[in-house]
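Colleague: I'd like to learn how to read the features of a model like this. Could you walk me through them?

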Amino acid sequence: MDTKTSAENLKQNKTEVVHTNCRACGHAGCGAFVTLEDGKAVKIAGDKKHPISKGYLCRKARGFIEDMQYHKDRLLYPQKRVGEKGEGKWERISWDEALTTIAEKFNQIKAEDGPESVIFGHGTGRSHHRFVYRVANAFGSPNVLANGHVCYLPRLAVSKQLGMSVPIVDYDNHPECIMSWGSNTIKSNADEYIGVNLGLNLKRKPKYIVVDPQRTQLADKADIWLQLRPGTDVALSMAMMHVMVKEDLYDKHFVENYTTGFDKFCERLEEYSPEVAEEITWVPKEKIIEAARVFAKIKPAAIQWGVGIEHGVNCADSDRTLIFMSALTGNLDAKGGNVMFGPPPGLPRMEFCGTNFHDNVDKMLGGKKYRLAASINRITPHVIWDAIETGKPYPIRGMIINGSNPLAVRANTSRVHESLKKLEFLVVMDIYPTPTTEMADIVLPAATWMEHNNIADYWKSHGYIFPRPKIVDAPGEAMGDVEMLNELGKKLGFEDQFWDTYEESLDYILEPAGVTWEQFKDMDYLRNEPEYKKYETEGFKSKSGKFDFYIQQNADWGYDPLPHHQEPPESPAREAEFVEKFPLVLTTGTRTAEYFGSEHRQSKLLRKMHPYPLLNIHPDAAAERGIEHGDWVYIESPRGKVKHKANVTDAIDPRVVAAEFAWWYPEMKAPDYGFRECSINFLTDDKNVGPESGSTNLKGLMCQVSKADEAPAAYSESKPELGIA
Ligand SMILES: Nc1nc2c(c(=O)[nH]1)N[C@H]1C(S)=C(S)[C@@H](COP(=O)(O)OP(=O)(O)OC[C@H]3O[C@@H](n4cnc5c(=O)[nH]c(N)nc54)[C@H](O)[C@@H]3O)O[C@H]1N2
Ligand SMILES: Nc1nc2c(c(=O)[nH]1)N[C@H]1C(S)=C(S)[C@@H](COP(=O)(O)OP(=O)(O)OC[C@H]3O[C@@H](n4cnc5c(=O)[nH]c(N)nc54)[C@H](O)[C@@H]3O)O[C@H]1N2
Ligand SMILES: [Mo]
């Protein structure tokens, strides 16, 4: 396949098929063939030879090509706000005016209050965030607002603390036992190895364990399904390891030769018998014992975990205990187990992000409180809202957000909204208008993944990078994020740290691999061949050189050095008065096949497949409230109330409900686009967070559900058509 074809050439050919790496969703990473007609993308198909996607492509890819790429709402020019925030009055400006205004304002804030008074922000891994860090670092601000506190970064930080990279499932070497834990991989295709890799493995019939409060499609296929209470994962994993140790089912050779702190860890395990865990988790002790035996006895065995365990106060210990379990059973870095893949040859340029952050931890908002997050330069959002509200420890005056919709995805939306309203100067870079762009002072129009050259997957731990070449022209003056950030870096006065053209930065990243972007864009991928059990020769990159079950660094930081279960701040264990008012455990953000975060709601195709936000509720809980399948219902927490449609199903415990997240109705009026009616983060809390990582409780809070009399306005008012027309 000819990937050299430039957008210019394509205009002359009528029809052409080009090879790329799809990023119709944020995490992306699927090999794809895009058909172009007169330079316009019209069709997309999977690439069977792609080592990660193996021919698979999801419906969002089709939705993107059919509805999103050429959508009528696309932002085409830089704009500045001329009315009040949210009034919707905008004026087109030139790129030069936009970047000069931003640079002048940021530099003024820096001169008056210090660089830390400007926040740099981004969303989940969309392949530009290293550039966001580079600009923040050059500018001198340690405050980068991202999703790290609830997504993936705790894994990274905990792994780093243990002296390794994130251990991920070695699907290509066929685990004989797989345990999906808080990960609905088949729907979410999250992070490294997308769902098809799990699906293909399941066809071989390995033993399969699923740990999930909902009977998902995957739980339906499981030999053992552990239906736990949301937010209690640590109690469950500790009880499983309790059984493994008591029954001598652990890898003694590994423990004796390569670990420290095992005795202290065993003392802590004493506190988590299956009986104790049953009470906390609601999983019958017989099932806990059975799952522990199965997982410990079969080799190789691997754990696929997801954000089901990272969205809550127990986040860091949940990640930690699953890595412990992999180590304890001898599956860590073992073929077909959980493996630390080496970085591809071009990847190890972590210094690309900049190196000032660590000198700045004292200045980082919450840096001394949430040490684990700070150890990988992440902050939790509430520290920003606190500082905007109070001016302490210093004023926060400026913010630039790249590819993120905080008004949809951050906990406690009312607070986020108040803070953004109060903020002196906000810049948002997005492809479409959103509730968040409506709050901005300057909006910068981003090009899509098809409209600029980039290196795909370079944040992931599977050891691959892929080329994602420019295949179509951007509309209007939309610009790729990497290019915008490169230009901003220069405008801020850091010409020496940025490049004449952003493509030169791609050469810089690829330099250690000995290839240029021009060469790489015609390659399939770059990868280092995996090596196994590296600890046998190299040890672990921890202080002790071994795998530490007792984390001395945590003790030094003032945290518990051993894992423990912390009851979620709002749970059935709360006082009777509270539980009476909010009797149901709520877990939020179950991924759906049609949407990624708050994206794709503009797609006619995808909205037709999935028109409403759904709440999964058990028939008994529904009947108690006079709710029938398909009724509109209110979901209410101490912080807010939104409307979803009831999906009455016995796939969930009667004491638990599960809501989708990040809903808004782009077809409704700016500035809110109906998000107040439906976005579940009006209910979530931002303040009572994980002690080490600042993780917010998005899974495992309490709510009440009641029947709503009317459909939301989005479904009762006449409204403009969705789509590209
Ligand atoms: N289509 C689509 N794909 C996505 C996304 C999307 O929005 N849409 N988002 C992307 C992002 S940012 C991420 S981080 C990943 C997330 O993808 P995953 O890591 O797969 O996470 P979720 O789907 O949120 O949750 C996984 C499972 O955890 C269960 N769960 C809920 N609460 C708990 C709990 O307390 N404990 C346990 N053990 N399980 C629980 C849910 O029922 C769900 O089945 O997906 C990515 N991919
Ligand atoms: N209640 C609840 N809240 C959650 C979660 C949950 O499970 N429950 N999940 C959390 C998790 S794990 C995560 S990672 C976050 C996700 O958080 P984010 O990644 O911040 O999520 P999105 O709302 O999808 O915002 C992405 C925005 O970027 C825009 N965009 C897409 N591609 C590009 C691009 O190439 N360039 C630019 N400039 N813009 C682009 C989209 O139009 C959209 O407006 O949400 C978190 N919030
Ligand atoms: Mo995420």
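This is a predicted model: local features need pLDDT of at least 70, side-chain atom pairs count only at pLDDT 80 or more; totals for chains, interfaces and linings use all residues.

Colleague: What does the radius of gyration say about the protein chain?

Modeller: That radius is taken over C-alpha atoms, and the globule rule is 2.2 Å times the number of residues to the power 0.38. For 725 residues a compact globule would come out near 27 Å, and the protein chain, at 25 Å, agrees with that. The C-alpha trace spans about 70 × 65 × 55 Å along its principal axes.

Colleague: And what share of the residues counts as buried?

Modeller: Buried means under 20% relative accessible area, exposed over 50%, and partly exposed in between (1.4 Å probe, protein chains only). By that cut-off, 65% of the 725 residues are buried. The C-alpha atoms of Gly398 and Lys110 are 9.6 Å apart, although 288 residues separate them along the chain.

Colleague: Is α19 mostly covered or mostly open?

Modeller: Mostly covered, with 8 of its 11 residues buried. Among them are Val482, Met484, Leu485 and Leu488. In general, an α-helix has 3.6 residues a turn, so residues three or four places apart point the same way. After α19 comes Gly493, with a positive phi near 110 degrees.

Colleague: Which residues have a positive phi although they are not glycines?

Modeller: Lys54 is one, with a phi of about 50 degrees, and Ala662 is another, with about 65 degrees. Lys54 sits in the loop between β3 (40-46) and α2 (59-68), while Ala662 belongs to the loop between β26 (656-659) and α27 (675-678). Lys54 counts as partly exposed at 28% relative accessibility, whereas Ala662 is buried at 0%.

Colleague: Where are cis peptide bonds found?

Modeller: Check omega. Lys299 and Pro300 are joined by a cis bond with omega about -10 degrees, and Pro300 is in the loop between α13 (285-297) and β13 (301-305). The bond from Lys392 to Pro393 is cis too, with omega near 0 degrees; Pro393 lies in the loop between α16 (382-390) and β15 (398-402).

Colleague: Last one: which residues gather in a patch of negative charge on the surface?

Modeller: A patch is made of residues with over 30% relative accessible area and no salt bridge, like charges being joined within 9 Å. A salt bridge is a side-chain nitrogen of Lys or Arg within 4 Å of a carboxyl oxygen of Asp or Glu. In this model Asp500, Glu504, Asp507 and Glu511 form the negative patch. Asp500 is in the loop between α19 (481-491) and α20 (503-510), and it is exposed at 64% relative accessible area.

How values were computed: Residues are numbered from 1 along each chain as its sequence is written. Chains are lettered from A and ligands numbered from 1 in the order in which they are written. Side-chain values use heavy atoms; hydrogens and water are left out. Patches are made of residues with over 30% relative accessible area and no salt bridge: like charges are joined within 9 Å, nonpolar side chains (Val, Leu, Ile, Met, Phe, Trp, Tyr) within 5 Å. Accessible areas come from the Shrake-Rupley method with a 1.4 Å probe; for residues, only the protein chains shown count as cover. Lys and Arg count as positive and Asp and Glu as negative; His and the chain ends are not counted. The place of a charge is taken as NZ of Lys, CZ of Arg, CG of Asp or CD of Glu. Helices (H or I, at least four residues) and strands (E, at least two) are DSSP runs, numbered from the N terminus.
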